[in-house]
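Dear colleague,

Please find below the structure that I am handing over to you. My findings follow it.

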Amino acid sequence: MAPHGGRVTGLPRLTSFLRSHANVSRSGGDEEYDLAQVLAIKREERNKRMKENGITWPRIKDQVEHLGKHNNVNLECYLREVWEVARQVAPELDTRDEAATLLFTLSHDRSVLTVKQRLKLRQMLGDVKPLLLERAHKAVRNIADLVSEEDLVELMNNLHIPENTSTMFGANIKIGPLAQTPELLPMDKLLDLTKVKVVSQATLNYDDY
Amino acid sequence: VIGEPLDKKFLTFREKGFDKRVPALHIAWAHRGTYIKYIPPPLPEEDGSFLPGAIESWLEQMEFLEQDLRNMLNLPHHKFWSQMVFDPAIHECLESYIANSYRWYEGIVPNDHCTPVVESVHQLMFLIYVRMSTYKESKACHITPSTFGDIIYENYLFDICKLLDLCILYGPTNSPLLAKMITNIFTQQPKYYDDLSQTVSSISLALEKVEDKLGVAEYCVPVAIGAPAENLSMADLQDIILYLLSSIYERVIPSLMDMLSERCDVSEWEPRTIQRIQLIRSSLLITFRAILHHKCLAPLSLEKPLPTLVGECVEKFMQVMSTCVGEKTFIADYCSAYPINTDLEFFKQHGGDITSLSFIKDAVNMVLSEMGLASGMVGLALD
């Protein structure tokens, strides 16, 4: 196999050493990895996917208004409230739809925002003031109370177009959890190396004995 | 199987209004992807807090990584293989995980929010490698076995370093599936044996560097170490393996213990450091036992092994043990954990002539007695 090219990660791993010295791995991999650039591409892909999946703010707004009319309630002020929060957390028009969609999606079936959801929101929207999140959440919860949470969940499910209906490879393979320390030999059976001094090599140096 | 294998199949796709017929394994089915490279979850600062945004940033990266892995697993057979062969970037992504993820022996527990994501990435990564090691995915999705062997080797889908990484990551909890994968890979592509031999000599080099650091390298170095890898005979390789044993067990570990003793009192040693040294000892003994068992004892588990087979196994056992008996620390530990009497009894039960082994037994007993371990030994399980 071709020589590698000297990639060594910072972690003290035997395979890192081998990748550099054993000539049994792929050479190359020298293309620069710019995380910021990769993240920008991935975020764009995510936005595109979200749009293609059918959950967009105009569709949510339209369907929720329709549901409100069906229940004889006016939900416009609450939807406006969510949009207003989105305007504040995402000043650019391009990302505002995404922000409003996310705020609505994460709040519609939860009476309280969990830590995980807050992390997700921060991940996508940046460091948003908790007060603003509460405002949006409260508005969505008001909608859920007025039209019933069940109907709102059903509406959101209908908006979502599943990305892939094929069966994923390995769906039926059971994979074990992260490895834990395997069973070791009982150490009391082995030599106590702090007490035993092994002279494994002969030497003529008297001081060594 | 149904239909032609992937490597012989042709598929049609429409481009600019025309039907084009291309091989099922072709760059036309792949796309140049952009992938996140795995980094381990952030660790807390000394006060237990995390750098602001560190967890969120990591979670976002992992969300993208998970999405890409799911997409790969959802790809139809021909697209998956085309992607694997014609998109080198995906391998940098996969390798970033197996090379950089935390190992079980490092004892690092990620933050509660990160743990489920680590689990998920761990499983998805393994499934990708399982898929890559499978030449027959279903009756209709298959590759000619010999061509499969060439594809995985020539395109570096697997190499020895990746296999070693997979073993450490997935060995303890996915051993049967991992064993099946590795058997499949080595069976369909015997060139991996040569690479494995070459890797063994590189491991020696790594250990020499450790010895240099510890200042214990002045003793015997087998002649084979300096020889070019392609000239190594089987005997040379055996020498190297024994050198590893002697190097780590007889010199490196005792030297580490000495250095620790010099620096502070035994009672002040950090438990984790000691645990790790003990882990090295235990792992080496278990590995040695597994190899010895596989070569010398397991073949006799047949219902009625032929006397020639029994003779060969006894002979191999004698060769290995007579070479190791000079490594006093090792042999004392090994025979305390796996008493030689049990093995001799096993050979006897299978009609083996153990007369030739009696001097080994005497030598072992002498070492044990010298180390104060001769009496009261209770054997562990045979395998």
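Among contacts in chain B between residues at least 6 apart in sequence, what percentage join residues at least 24 apart? The value is 72%, a contact being heavy atoms within 4.5 Å.

This is a predicted model, in which local features need pLDDT of at least 70 and side-chain atom pairs count only at pLDDT 80 or more, while totals for chains, interfaces and linings use all residues. Residues are numbered from 1 along each chain as its sequence is written, chains are lettered from A in the order in which they are written, and side-chain values use heavy atoms, with hydrogens and water left out.

Chain B contains 13 helices and 2 strands (DSSP runs, H or I of at least four residues for helices and E of at least two for strands, numbered from the N terminus). Of its 383 residues, 48% are buried, that is, under 20% relative accessible area with a 1.4 Å probe, protein chains only.

Turning to the interface, 66 residues of chain A and 89 residues of chain B take part in the contact. Together the two chains bury about 7,100 Å², with 63% of it on carbon and sulfur atoms; this is the accessible area (1.4 Å probe) lost on putting the two parts together, summed over both.

The interface of chain A and chain B holds 9 salt bridges (a side-chain nitrogen of Lys or Arg within 4 Å of a carboxyl oxygen of Asp or Glu). A salt bridge joins A:K42 to B:D68, with the closest N and O atoms 2.7 Å apart. On the side of chain A that touches chain B, α1 (14-21), α2 (35-52) and α6 (115-125) of chain A each supply at least two residues, and α2(A) gives the most, with 8 residues.

Yours sincerely

Definitions and conventions:
Buried means under 20% relative accessible area, exposed over 50%, partly exposed in between (1.4 Å probe, protein chains only).
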